[in-house]
Every structure is written in structure tokens, then in C-alpha cells.
Amino acid sequence: MLSRAARPALRAAVTAPARATAASPNGAATYATLREIEGRLKSIRNIQKITSTMKIVASTKLTRAQRAMTESRKYGETANEVFEAAETAAPEAEQKKSLIIVCSSDKGLCGGVHSGLSRRIRAYTNEVTEPFDLVIIGEKCKAQLQRTNAEGIQLSFAGVGKDIPTFADAQAIADQIIMLPTEYTDVKILYNKFINAQSYEPTFVEAFSEEAISQSPNISAFEVDDEALVNLREYSLANNLYWALAEGHACEISARRNAMDNASKNAGEMIGKYQILYNRTRQAVITGELVEIITGATASEDM
């Protein structure tokens with residue numbers, strides 16, 4: 001039991017935290033607030049588990065994607081060396097009509113991989129005066145470019161990005177592109193060039209037409225039959241598509257790993273902040289209950 005001399009000091013001590021809690025911007029701490037904070041903590045922890053798992057999966061896939069990218073790059077760069085040696089260039093024409101093939105995928109949660117390609121197309125629109133058509137591989141860039149370049153989209157392909165691209169996939173896409181009725185003076189492929197595990201760059205690569213290959217100044221040095229030029233054009237288009245898709249896939253996996261790593265770190269920081277808030281709120285609730293108990297006991301004793 002407390003002496004009567006100590007009771008006034010105790011009342012002043014226990015009522016001070018109660019006034020501070022009531023005067024706080026968030027109002028008095030309650031059990032409802034605690035449950036709300038606890039629910040948010042649980043949600044953030046679940047998100048952190050998902051992002052950490054996705055990071056591990058992306059890290060596992062990245063090695064295979066980089067290996068496929070290296071193999072496809074050998075074929076693509078070798079084919080381009082042939083065209084450079086033949087001095088192949090797009091034929092001059094009074095009315096040029098270009099075709100741009102955008103290589104994206106159907107999957108998201110990988111940073112700005114797809115939006116970077118869309119921004120490059122919008123910048124290219126301001127750079128040139130000639131009209132151009134689009135063939136879009138992947139639903140992500142299609143959804144973005146439909147807002148600005150819907151009239152130029154001639155073909156689109158879905159179901160891309162589930163696994164590492166193969167030459168058969170590129171050949172099937174190339175067959176559909178070749179069947180387009182319009183005769184294009186030049187064809188360009190836009191893809192994400194893999195620089196390192198942290199960076200990538202939207203890059204154009206040429207896919208020359210049959211007319212451009214036949215008019216090359218030094219093509220005769222390779223002793224290519226005229227009948228084989230059509231096959232050479234189809235093969236070079238499929239080859240460059242395979243290179244672009246494989247390299248873009250490696251960029252996507254790398255960007256997804258980095259994005260999930262950043263998301264996991266941000267979730268960890270949020271968990272730390274909410275844990276501190278939860279502890280402080282819980283302490284305020286306990287303090288308030290102690291104040292009520294002691295105040296009630298003191299009031300009962302004074303009666």
C-alpha cells in the first residue's frame with residue numbers, strides 16, 4: 001500500500017504519459033491500431049518472402065540465359081561481319097518505308113526493360129520524318145506502344161519470354177514477317193543490348209532486304225547464287241532475331257533479379273520501421289493500461 005504522502009507524486013508521474021499520448025498526432029494508441037500495424041507487418045513479410053524467392057529463381061536462370069546469349073551472339077556477329085565485308089547498305093529510295101521489329105516479352109517485374117524500348121521508339125519517331133511500321137514481339141511493349149503508335153503496328157506476337165528463346169522461335173516469327181504485303185526499304189530490330197549484369201541499352205541492328213543484299217558492292221566475293229539470296233535474306237533475319245531475343249531475355253532476367261533484390265531490401269527497411277512503430281504503440285498501450293489500473297486503485301483507496 002502507498003502512503004498518502006507518495007500518492008500526489010505518483011498521480012503526477014502516471015498522468016504525464018497519458019497526456020502525451022492523447023496529444024500525439026495519431027491520437028491515443030488502441031488495440032485496433034496494434035492489429036492494423038501487425039497486419040501490415042505480416043503483409044510486408046509475405047511480400048519479402050515472394051521477392052526473395054523470385055530473386056533466387058532469377059539468379060538461377062541468369063546463368064543459362066547468359067550462356068544462350070553468348071552462343072547466339074557468335075552467330076549474329078559473324079553474319080554481320082559478312083554484310084560489313086560485302087558493304088551491304090539499305091538501298092536509296094525517294095519514298096522510304098522502314099519496318100522496326102521490337103523485341104520485348106510478356107513478363108513484367110523487371111524494372112524498365114520494356115519501357116526503355118518503348119521510349120526509344122517514341123524518340124525515333126521524333127528523329128525521322130519517313131513513316132515506319134512496327135512488329136512487336138511481346139505483350140508489354142505492345143500495351144505501351146498502342147497508346148502512341150497504334151496505327152503503325154502491323155504484327156504482334158505473344159507467348160514470348162516463358163523460356164530461353166530458340167532459333168525455331170525466331171524462324172517462325174521471321175516467316176510471318178516475310179509474308180507482310182508491304183515492301184520495306186530497310187528493316188531494323190530493336191532489342192536490349194546486354195552490357196553487364198547491372199546495365200543494358202536499347203540498340204538497333206539491321207536486317208537487310210533481298211534487294212540490299214543483291215546490290216552489295218562486294219557480295220560477289222562470297223560467290224552466292226542469285227537463287228540463294230532469298231534464303232540468305234530469310235536466314236539473316238531469323239539469325240538476327242534469335243540474337244536479339246536471346247540477348248533481350250538475358251537483360252530481362254538480370255533486371256528482374258536486380259528489381260527483386262531492391263524490393264527485398266526495401267521490404268526489410270519497411271519491416272524495421274513498422275516493427276519500431278509496433279513496439280512503441282504496444283508500449284503506449286501497456287503504459288495507458290497501467291495508468292488506468294493505478295489511477296483506479298488510488299481512487300478506490302481514497303474513497
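## Fold, surface and salt bridges of a predicted chain

Leu-109 counts as exposed because its relative accessibility is 57%, above the 50% cut-off for that class. This residue belongs to a predicted model, and Leu-109 sits in the loop that runs between β1 (98-103) and α3 (113-127). Its backbone carries a positive phi, near 55°, although the residue is not glycine. Most residues other than glycine have a negative phi.

**Overall architecture.** The chain is built from 7 helices and 5 strands. Their order along the sequence is α-α-β-α-β-α-β-α-β-β-α-α. Of its 303 residues, 37% are classed as buried.

**Helix α5.** Residues 167-178 make up helix α5, which has 12 residues and extends 16 Å from first to last C-alpha, close to the 16 Å expected at 1.5 Å a residue. Which residues of α5 are buried? They are Ala-170, Ile-173, Ala-174 and Ile-177. These residues lie on the same side of α5, because they cover an arc of only 105° around the axis.

**Helix α7.** Helix α7 spans residues 228-302 and includes Ile-294. Ile-294 is partly exposed, with a relative accessibility of 31%. Together with Ile-286, Leu-290 and Ile-293, Ile-294 forms a nonpolar surface patch whose accessible area totals about 330 Å². Glu-252 is also located in helix α7. Is Glu-252 buried or exposed? With a relative accessible area of 3%, Glu-252 is buried, as this value falls under the 20% limit. Beyond its neighbours within four places in sequence, Glu-252 contacts Ser-105, Lys-107, Cys-110, Val-113 and His-114.

**Salt bridges.** Side chains of opposite charge can pair when their charged atoms come close. The whole structure contains 8 salt bridges. One of them pairs Asp-261 with Lys-55, where the closest N and O atoms are 3.1 Å apart. Asp-261 belongs to helix α7 and Lys-55 to helix α2 (residues 31-85), so this pair links distant parts of the chain, 206 residues apart. A salt bridge also forms between Arg-64 and Asp-163, with the closest N and O atoms 4.0 Å apart. Here the link runs from Arg-64 in helix α2 to Asp-163 in the loop between β3 (153-157) and α5, a separation of 99 residues. Arg-73 and Glu-247 meet in a salt bridge at 2.8 Å, N to O. Because Arg-73 lies in helix α2 and Glu-247 in helix α7, this pair ties together parts that are 174 residues apart in sequence.

The relative accessibility of residues in these pairs is as follows.

| Residue | Relative accessible area | Class |
|---|---|---|
| Lys-55 | 31% | partly exposed |
| Arg-64 | 41% | partly exposed |
| Asp-163 | 48% | partly exposed |
| Arg-73 | 24% | partly exposed |
| Glu-247 | 1% | buried |

Shared partners also join salt bridges into one network, made up of Lys-55, Asp-261 and Lys-265.

Note on methods. Residues numbered from 1 in each chain as written. Predicted model: local features only at pLDDT ≥ 70, side-chain atom pairs only at ≥ 80, totals over all residues. Heavy atoms only, no water. Helix = DSSP H or I, 4+ residues; strand = E, 2+ residues; numbered from the N terminus. Buried < 20%, exposed > 50% of the residue type's maximum accessible area, 1.4 Å probe, protein only. Patch = residues over 30% accessible without salt bridge, like charges linked within 9 Å, V, L, I, M, F, W, Y side chains within 5 Å. Areas by Shrake-Rupley, 256 points an atom, 1.4 Å probe, with all protein chains shown as cover. Salt bridge = Lys/Arg side-chain N within 4 Å of Asp/Glu carboxyl O. Expected span 1.5 Å × (residues − 1). Arc of directions from axis to C-beta. Contact = heavy atoms within 4.5 Å.
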